[in-house]
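This report concerns a predicted model of protein chains with DNA. Please view the sequence and structure below before reading on.

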2 protein chains.
Amino acid sequence: MTPILLVEDDRSICENLTAFLKTEDFDVTCAPGQQGAAELLQKRTFALVLLDISLADGNGFSVCREIKAEYGLPVIFLTASSDEYSTVAGFDLGADDYIAKPFRPRELVSRIRNVLRLTSGAGAVTKIGDICIDTVRGTASKNGCDLNLSALEYRLLLVFLNHRGAVLSRTMLLESIWDIAGEFVNDNTLTVYIKRLRDKLEDDPQDPKLILTVRGLGYKLP
Amino acid sequence: MTPILLVEDDRSICENLTAFLKTEDFDVTCAPGQQGAAELLQKRTFALVLLDISLADGNGFSVCREIKAEYGLPVIFLTASSDEYSTVAGFDLGADDYIAKPFRPRELVSRIRNVLRLTSGAGAVTKIGDICIDTVRGTASKNGCDLNLSALEYRLLLVFLNHRGAVLSRTMLLESIWDIAGEFVNDNTLTVYIKRLRDKLEDDPQDPKLILTVRGLGYKLP
DNA sequence: GTATGATTTTATGCATTTCCGAAAAACAAT
DNA sequence: ATTGTTTTTCGGAAATGCATAAAATCATAC
């Protein structure tokens, strides 16, 4: 299921598209406006964004600019105003395609697949605060400069990323990284890697804001 | 001047588009039908093909299939029949965009630029620094002189090329080149070929700038 | 049959990382 | 405060992953 973010304030369009795209193996999440879209992009990772130009709060253009600057995700504009000016402006902002309503669902699917094909190789970037994780390039950076994570540090960070907000028990973390044929490593190894990650990620490793300890339960990424 | 091939049998459209696109810094060559298109593609190099579906001899779909198979060039369908079936069929053949007549010239230009942006890196000849890879001839050259890559070295380079920027795991590389009926070769074979490629490609093989090692994760071409 | 080049394997060295034990610190409960 | 538990820190030993050289195998043409 390819995760897609649909930014659209018309509820009925949202519901119809979500249902239809589901049958085509896309996992659609709806955001009614700029605000919600920004929050979802912070929290989760998407492969593509479908963007309505006319939103209640702000317009699609500014959302597009943000998405391109922050996450580099492919964007397809989805809009009623099919006038030439909009089309050109949309492309100038780095949109990857532009579909005028009313559009035929099957054409939309074709265009989504097409854009995904053309942009594959573009990174799937997730942001947490000023930390940037690019799962395609296999890098994590802070304020643009590479953090030089080791392979294990990187994998550990990924686990936190995929369970954003949840408390992860030490056992669970050990299992997901060190479970080689049921043989675990020393429990303390995890602790050491938590420290390493903090040293590299946190502004102040003494007072972690990203990887928090939940005493007795484990750790979590808020 | 970006060279574009326009395959279109309506003379007046040809002339108008040629003139207009010229003002946008595109160098348009017209072919009235399948026959002429094939000959021109043989003789010259184009960056993109604008393709009318309804041609006097044969139809645009078969031309598209041929272009994609033989030259791998980006294709934009340009057509009167905007029915859904055609759109989907066009994309299925590997078209990169689809514009229904009548279209606005400025939108066409936007879409051309957009497709060129998205497909840059495809094309028959790709450059990385001072390395030139010609996927039609199957050769790679540095500063104009042939690098004399062996078949495997060349194929390995192609894998990197097709995943520019991404970290490619050793397993993935082994699979894409040495996976003969699930039987892998010695894991170190890959290492050796990485070295061979570096020796031929890099200015200073000791300090690679093209094929970088990402310890624990794999290699990547930045 | 030998000569040439491509491919694969073997062997070795080096650098980084991963791992662990033990001590120190932080925390919770009495 | 005292005690016991959990978490953090530290340094060095062990393991791993990668680079390199050189030898062995295979294919092809001469």
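The surface near DNA strand C comprises nine nonpolar, nine polar and three charged residues. Here Ala, Val, Leu, Ile, Met, Phe, Trp, Tyr, Cys and Pro count as nonpolar, Asp, Glu, Lys and Arg as charged, and the others, Gly among them, as polar. A residue is near a strand if its C-beta atom, placed from the backbone, lies within 6 Å of it. Among the 21 residues around DNA strand C, those that come nearest are Ser150(A), Leu152(A), Asn186(A), Ser150(B) and Asn186(B). At least two residues of this surface come from each of α6 (151-162) and α8 (187-201) of chain A and α6 (151-162) and α8 (187-201) of chain B. Helices (H or I, at least four residues) and strands (E, at least two) are DSSP runs, numbered from the N terminus.

The model is predicted: local features need pLDDT of at least 70 and side-chain atom pairs count only at pLDDT 80 or more, whereas totals for chains, interfaces and linings use all residues. Residues are numbered from 1 along each chain as its sequence is written, while chains are lettered from A and ligands numbered from 1 in the order in which they are written.

The contact between the two chains takes 19 residues from chain A and 22 residues from chain B; residues are in contact if their C-beta atoms, placed from the backbone, lie within 7 Å. On the side of chain A that touches chain B, α4 (84-92) and α5 (105-119) of chain A each give two or more residues. The largest share, seven residues, belongs to α5(A). By class, this side of chain A holds five nonpolar, seven polar and seven charged residues.

An automatic or database domain assignment divides chain A into domain 1 (2-119) and domain 2 (142-220). Their C-alpha centres lie 33 Å apart.

In chain A, five strands form an open parallel sheet in the order β2-β1-β3-β4-β5. Its edge strands, β2 (26-31) and β5 (97-100) of chain A, each pair on one side only. Strands pair if DSSP finds at least two bridges between them.

| Strands | Sense | Bridges |
|---|---|---|
| β3 (48-52) and β4 (75-79) of chain A | parallel | four bridges |
| β7 (131-134) and β8 (139-142) of chain B | antiparallel | four bridges |
| β8(B) and β9 (145-146) of chain B | antiparallel | two bridges |

Leu50(A) stands opposite Ile76(A) in β4(A). In chain B, Ile133(B) faces Ala140(B) of β8(B), and Lys142(B) stands opposite Cys145(B) in β9(B). The hairpin of β8(B) and β9(B) has two residues between the strands, and Asn143(B) there takes a positive phi near 50°.
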